[in-house]
Amino acid sequence: MIQLKVNGVDRKFEGDPAMPLLWYIRDILGLTGTKFGCGVAMCGACTVHLNGEAIRSCVTPVSMAAGREVTTIEGLGADGLHPVQQAWIEQNVPQCGYCQSGQIMQAAVLFNANNALADEEIERVMQGNICRCGTYQRIRAAIKAAAKDRR
């Protein structure tokens, strides 16, 4: 049995430890905000946090989360919207919206690291998250707005 914490709630999993964490989150827990994209960790749609670090849940087995904390888009703003989520809304970032939860989860790690957010740093950290609609300029603007509001 695998014990883990998802969005602050203790969970147990007795299935195949090799099951991708994405399927555990979506199919067993019913948290469908995390999306399936490519299935090979290339697009970032499945990004969640594992102990505060962004990971691709489509290629991460549930066993890797044993004893650790998983945060999904549903748990990111435990007390309301996370500053990145708020900036996303204010900057009108989403277009089709499919990649947005993964984009926000990746951006939240950057935001939480409290780094100076130069364009190059944002592009480096976000480069593994693909937006089919090409909203990259609005994504960058939202990340910068969130960082500016933090100060």
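User: Leaving aside neighbours within four places in sequence, which residues is Q103 in contact with?
Analyst: Q103 is in contact with W88, M126, N129, I130, C131 and I139, where contact means heavy atoms within 4.5 Å. This is a predicted model, in which local features need pLDDT of at least 70 and side-chain atom pairs count only at pLDDT 80 or more, while totals for chains, interfaces and linings use all residues. Residues are numbered from 1 along each chain as its sequence is written, and side-chain values use heavy atoms, with hydrogens and water left out.

User: Is Q103 buried or exposed?
Analyst: Buried, with a relative accessible area of 1%. The cut-offs are under 20% relative accessible area for buried, over 50% for exposed and partly exposed in between, using a 1.4 Å probe and protein chains only.

User: Which helix does Q103 lie in?
Analyst: Helix 4, residues 100–112. Helices are DSSP runs of H or I with at least four residues, strands are runs of E with at least two, and both are numbered from the N terminus.

User: How do the axes of helix 4 and helix 6 cross?
Analyst: They come within 11 Å and cross at roughly 35°. Axes here are lines fitted to C-alpha atoms, for helices over the stretch in contact, with angles from 0 to 180 degrees between N-to-C directions.

User: Which residues make that contact?
Analyst: Helix 4 supplies Q103, A107, L110, F111 and N112. From helix 6 come I139, I143, A146, A147 and R150.

User: Switching to the largest nonpolar core, which residues touch the most other members?
Analyst: V84, W88 and I143, out of 22 residues. Such a core is a set of buried Ala, Val, Leu, Ile, Met, Phe, Trp, Tyr and Cys residues joined through side-chain atoms within 4.5 Å.

User: What does V84 touch, not counting residues up to four places away in sequence?
Analyst: I104, A107, A108, F111 and A146. There is also a second, separate core of 15 residues, which includes L21, I25, L29 and L31.

User: How many aromatic pairs does a search of the whole structure find?
Analyst: It finds 2. Rings of Phe, Tyr and Trp (its six-membered ring) pair if their centres lie within 6.5 Å; planes under 30 degrees apart count as stacked, over 60 as edge-to-face and the rest as tilted. One of the pairs is F13 with Y24, edge-to-face because the planes are at 70°, with ring centres 5.0 Å apart.

User: Where do F13 and Y24 lie?
Analyst: F13 is in strand 2 (residues 9–13) and Y24 in helix 1 (residues 21–28), so the pair ties together parts 11 residues apart in sequence. F13 is buried at 5% relative accessible area, and Y24 is buried at 1%.
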